[in-house]
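Hello,

Here is the structure I promised to pass on to you. Please open it alongside this message, and then read on for what turned up in it.

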Amino acid sequence: MSEIDVPVEEILAELEAIGPELTGIDDEHEVRPEVPSELHLLPLRESVVFPMLIAPLSVSRPSSIKLIDETVTGTDRMIGVITQKDPENDEPSADDIYQVGCAVIIRTLMKAPDAVRLIVQGTSRFRIVELLQTEPYLKAKIEVIPEPEVPKDQEEEIEALRRSVAALFEQAVRLAPNLPEELGSLTQSVNEPNVMADLIAAHIPFTTEEKQRILETTDLKARLKALLELLGREVRVLELTTKVQNEVTAELSKTQRDYYLREQLKAIQRELGESDEIGDDVEELRKKIETANMPEEALKAANRELDRLGRINPSSPEYTVSRTYVETMAALPWSRSTEDKIDLKIAREILDSHHHGLDKIKQRIVEFLAVRKVKSDGPVRQPILCFYGPPGVGKTSLGKSIAEAMGREFVRLSLGGMRDEAEIRGHRRTYIGSMPGQIIQSIRRADTNNPVFVLDEIDKLGNDFRGDPASAMLEVLDPQQNNAFRDHYLDVPFDLSNAFFITTANRLDTIPAPLRDRMEIIELGGYTEEEKVAIAREHLVPRQVDEHGLTAKKISFTDDVIAYVARHYTREAGVRNLEREIGSVVRKATLQFAEGRTRKLAVNKKFVNEALGAPRYTSDPVSERKLVPGMAIGLAWTPVGGDVLFIETTKFPGKGLKITGQLGDVMKESVNAAMSYIRSHALNLKIHDDVFEKNEVHVHVPAGAVPKDGPSAGVTMLTALASLFTGRMPIERLAMTGEITLTGQVLPIGGVKEKVLAAYRAGVTTILLPKENQKDYMEEVPEDIRSQLTVHFVSDAKQVLKLALEG
């Protein structure tokens with residue numbers, strides 16, 4: 001049961017039919033009817049009846065209808081109404097109702113097909129003393145709560161509270177659109193504070209719990225204070241509502257005025273026979289601007305340009321420039337963004353399914369998502385990552401996986417060979433055909449302001465007389481500045497701080513230091529053979545089989561076959577060439593199926609040789625070279641991965657030092673430093689001084705067409721020259737790397753993982769590394785590779801020569 005919405009006219013008509021007996025609240029000689037000690041209880045849903053209140057009720061539950069029928073047929077038309085705690089409960093028990101209710105007299109009753117409609121009048125508060133029955137309806141022994149008298153010493157305070165309540169109620173009636181104005185006179189016609197408080201509480205839309213609290217408050221002073229507090233809150237809410245409505249109405253009035261004037265203008269143009277295509281065009285653009293949700297500065301610029309557009313002749317070149325600008329502004333995602341997926345488990349599964357290994361990067365992405373999950377208030381600073389490593393290790397494709405794991409759009413911009421600063425910042429609109437820079441254009445294509453934005457090959461940015469794009473990138477990749485990135489074409493700030501920027505590079509030395517400092521650099525090393533096999537099995541083979549129209553039921557590769565292809569047909573840090581070779585094998589198989597083959601093909605080494613020809617790398621490079629005194633094997637880092645270097649030296653009658661092999665200045669200096677160390681320690685090395693005076697020394701590094709530089713070949717130069725002058729043989733399958741000083745100290749180098757993997761692929765079994773690189777070796781090189789190598793960590797030249805030379 002609940003209070004029903006009945007038109008005011010109907011209630012007034014029914015009240016007139018009842019007669020003057022209901023007007024007891026205005027008759028000071030009215031005697032309230034006596035309330036019996038036992039009452040039938042009618043539970044109410046979301047409704048509270050107060051003493052002296054005339055209220056319409058609707059009864060629909062069978063038990064409640066039975067209660068009404070038995071009450072009306074008896075001599076007493078009085079029942080008790082009491083509010084349910086849970087309005088959804090259809091069968092309330094003693095625990096589901098409040099303990100204080102109101103005794104009411106049934107004044108009128110009207111039966112409808114689905115319910116019984118009543119008009120009741122409250123008489124007195126009561127409290128349940130004992131519940132006598134629950135079936136077929138509730139019946140209880142009750143205790144009437146008498147209305148309190150006003151103490152003599154509190155008359156002034158009670159009167160002050162009554163006046164305050166009356167003033168707030170009148171204000172609420174004026175402000176509330178759903179309260180009739182006639183209610184304002186209630187406070188003047190009712191003098192008793194307790195009756196006035198009850199009637200006000202009944203008419204103001206308080207919550208059921210708040211009304212019940214007023215009903216249960218018997219102390220008059222406390223009741224008026226509680227009502228004053230609730231009325232004060234209600235008036236404040238109504239004032240704010242009125243203020244908001246007035247502002248909306250004023251805005252609507254302005255909009256309606258503008259619409260009316262535009263319609264008049266259109267009518268005038270139709271009368272004059274003029275076309276209004278321009279007006280329609282401008283109006284369409286105006287709607288786009290209104291829905292773009294631009295910041296204030298951008299909105300002013302767009303509207304200013306739109307007003308200018310309406311005054312330009314369409315045949316003027318300026319019209320196209322102005323229109324393109326407004327369209328671009330309206331199309332940008334100023335406030336559109338995609339919501340991040342912050343399910344860490346699903347993010348890990350997506351990253352693992354697309355890429356094998358790369359644990360450091362995956363962990364970094366999951367950490368960022370964890371921050372988004374925990375920090376619910378305020379913006380989260382977007383990281384700017386730089387994936388640095390050799391080609392083919394999955395730097396760019398990793399960006400796509402990150403976008404999928406985060407649930408964001410993916411945008412890629414290739415920076416390789418970009419030389420014009422306007423490609424980043426855009427062209428100023430003084431030029432015909434000007435357009436925004438690639439950053440803004442990419443954001444527009446993504447249609448969201450928080451994509452995963454991959455800036456590919458950032459190490460290959462160029463510069464010339466048109467500007468330096470790398471310097472323009474400083475603002476884009478600075479979290480403190482890119483929240484107000486100002487493109488030359490837009491000439492208003494655009495917030496790039498929500499985008500997740502990822503850059504990729506093969507080398508760091510070509511990236512300007514200030515730009516490098518803005519990025520969190522994460523190195524991706526080369527893959528081991530086992531990792532290549534796993535990547536090919538999980539990703540490359542299925543992709544190539546699918547691209548060539550075959551299925552796993554027609555062709556299969558074993559791990560041994562994949563390892564055979566990787567070992568004998570490729571020599572790289574990544575897996576790009578490995579995928580090409582697998583594609584060639586699958587094409588050969590596709591040809592056989594096209595010619596009529598029906599049996600499944602299990603690819604073996606023989607089939608690989610038929611498809612790819614004879615193995616390109618039949619043995620490891622170390623075994624191909626015969627070592628003699630004066631030779632040493634070094635390790636080098638290149639942008640495409642690690643490599644082995646063979647240092648060759650020889651001496652012959654003459655004087656001086658000759659260096660060949662296209663070596664850079666730093667590498668030449670390493671040769672001179674090694675030569676100076678040997679001459680200064682000739683006595684300890686048992687080398688005669690006249691050897692240096694009577695012989696010319698020639699140092700050569702093969703693969704002469706390839707430029708080489710860097711200090712890490714210092715220990716290799718030292719070993720080769722020491723072997724030459726002492727005649728001692730270098731140790732078989734031993735390679736080394738490290739910078740040498742004049743005093744013989746071995747300094748740390750970079751690219752440890754790439755160099756170690758290159759040595760392992762080349763057949764090296766023993767490696768000499770600087771002692772300070774031990775931590776890099778333990779962290780970066782996989783355990784299965786470390787278990788197959790013998791590594792010595794050295795700190796001075798004596799240790800190097802002792803370990804590298806025989807005897």
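A residue is called buried here when its relative accessible area is under 20%. Please keep in mind that this is a predicted model.

With that cut-off, helix α19 (residues 559–569) comes out as mostly covered, with 8 of its 11 residues buried. The buried residues in α19 are Val561, Ile562, Ala563, Tyr564, Val565, Ala566, His568 and Tyr569. What lies over them? The cover for the buried residues of α19 includes α18 (529–547), α20 and α21.

Two of those covering helices also meet each other. The axes of α20 (residues 576–594) and α21 (residues 605–612) come within 9 Å and cross at roughly 95 degrees, which means that α20 is roughly perpendicular to α21. On the α20 side, the contact is made by Glu581, Ser584, Val585, Lys588, Ala589 and Gln592. Their partners in α21 are Phe607, Glu610, Ala611 and Leu612. By type, the residues of this contact between α20 and α21 divide into 5 nonpolar, 2 polar and 3 charged.

Helix α16 (residues 469–476) is another mostly covered one, and 6 of its 8 residues are buried. Those buried in α16 are Pro469, Ala470, Ala472, Met473, Glu475 and Val476. Which elements do the buried residues of α16 pack against? The helices are α14 (422–425), α15 (438–446) and α17 (513–517), and the strands are β10 (452–456), β11 (485–486) and β13 (500–505).

What kinds of residue line the second largest cavity? The lining divides into 9 nonpolar and 1 polar, with no charged residues.

Happy browsing, and best wishes

How values were computed. Residues numbered from 1 in each chain as written. Predicted model: local features only at pLDDT ≥ 70, side-chain atom pairs only at ≥ 80, totals over all residues. Heavy atoms only, no water. Nonpolar A, V, L, I, M, F, W, Y, C, P; charged D, E, K, R; others polar. Axes fitted to C-alpha atoms, helices over the stretch in contact; angles between N-to-C directions. Helix = DSSP H or I, 4+ residues; strand = E, 2+ residues; numbered from the N terminus. Parallel < 35°, antiparallel > 145°, perpendicular 65-115°, else oblique. Contact = heavy atoms within 4.5 Å. Buried < 20%, exposed > 50% of the residue type's maximum accessible area, 1.4 Å probe, protein only.
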